[in-house]
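The sequence and the model are shown first.

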Amino acid sequence: MADGRGSTLVHLLVVVLCLVAFGFAVAAERRRSVGTMQKIEGTNETFCSYSSDVATGYGVGAFLFLLSGESLLMGVTKCMCFGRPLTPGGNRAWSIIYFLSSWVTFLVAESCLIAGATKNAYHTKYRGMIYAQNFSCEALRKGVFVAGAVFVVVTMILNVYYYMYFTKATTTPVSHKANRVSSTVGMAGYA
């Protein structure tokens, strides 16, 4: 890390974990549950029958992969709070900006993914018999997992820039200004 770029392995792992989370989020959107109304013959009972619950697993998988990528990066950089101090300057400012913005996008992505997985699981597993005449089979809205996937990609980009500027700010030596003020106090020669 002497050149300020950071570890290539950390960059690679963060990108791979985020891309896997993105893939799971897209797969979850494509396989989200859809409900159809079924009527029991001989009675007036209706119920919703939902397709498979694969999207819930994909959503949780995307959540966990993104969480592990963020945890890896925060572990390596010690959350920017512990370890070596950052040198003052532009690299420190950019690393703080990217740190804060990546946390915001990370929290939005995680909330989209876990909310989508929870809502998808609720309607798939726990919806039972309903004794009502007019009702609709609720399902997860389109785009919840896609929003999570978009924020996963934005988080990945911000994390790469954060780590890049963080390593520049920690490896740049601090420039000390020399105190060039000459002293007027001195020993005068005895004549």
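Leaving aside neighbours within four places in sequence, Asn120 is in contact with Arg32, Ser33, Asp53, Ala55, Thr56 and Leu140, where contact means heavy atoms within 4.5 Å. Asn120 is found in helix H3; helices (H or I, at least four residues) and strands (E, at least two) are DSSP runs, numbered from the N terminus. Asn120 is buried, with a relative accessible area of 2%; buried means under 20% relative accessible area, exposed over 50% and partly exposed in between (1.4 Å probe, protein chains only). The C-alpha atoms of Asn120 and Tyr50 are separated by 9.9 Å, and these residues lie 70 residues apart along the chain.

Thr56, one of the contacts of Asn120, has its place in helix H2 (residues 54–77). Thr56 is also buried, with a relative accessible area of 11%. Not counting residues up to four places away in sequence, Thr56 touches Ala117, Asn120 and Ala121.

## Basis of the model and overall fold

This is a predicted model, in which local features need pLDDT of at least 70 and side-chain atom pairs count only at pLDDT 80 or more, while totals for chains, interfaces and linings use all residues. Residues are numbered from 1 along each chain as its sequence is written, and side-chain values use heavy atoms, with hydrogens and water left out.

The protein chain contains 4 helices and 3 strands, which run α-β-β-α-α-β-α from the N terminus on. Of its 191 residues, 34% count as buried. Among contacts between residues at least 6 apart in sequence, 82% join residues at least 24 apart.

Helix H1 (residues 8–30) and H4 pack at an angle of about 175°, with their axes 8 Å apart. Axes are lines fitted to C-alpha atoms, for helices over the stretch in contact, and angles run from 0 to 180 degrees between N-to-C directions. H1 and H4 are therefore roughly antiparallel to each other; angles under 35 degrees count as roughly parallel, over 145 as roughly antiparallel, 65 to 115 as roughly perpendicular and the rest as oblique. The residues of the contact of H1 with H4 comprise 20 nonpolar, 2 polar and 1 charged. Here Ala, Val, Leu, Ile, Met, Phe, Trp, Tyr, Cys and Pro count as nonpolar, Asp, Glu, Lys and Arg as charged, and the others, Gly among them, as polar.

Between H2 and H4 the angle is about 10° and the axes are 11 Å apart, so these two helices are roughly parallel to each other. Ala55, Gly59, Leu66, Glu70, Leu73, Met74, Val76 and Thr77 of H2 make this contact with Phe145, Val152, Thr155, Asn159, Tyr162, Tyr163 and Phe166 of H4. By class, the contact of H2 with H4 has 10 nonpolar, 4 polar and 1 charged residues.

## Aromatic pairs

The structure holds 9 aromatic pairs. Rings of Phe, Tyr and Trp (its six-membered ring) pair if their centres lie within 6.5 Å; planes under 30 degrees apart count as stacked, over 60 as edge-to-face and the rest as tilted. The rings of Phe99 and Tyr162 form a tilted pair, because their centres are 5.4 Å apart and their planes stand at 50°. This pair links distant parts of the chain, with Phe99 in helix H3 (residues 90–125) and Tyr162 in helix H4 (residues 144–171), 63 residues apart. Both Phe99 and Tyr162 are buried.

Trp94, Tyr98, Tyr161 and Tyr165 form one aromatic cluster.
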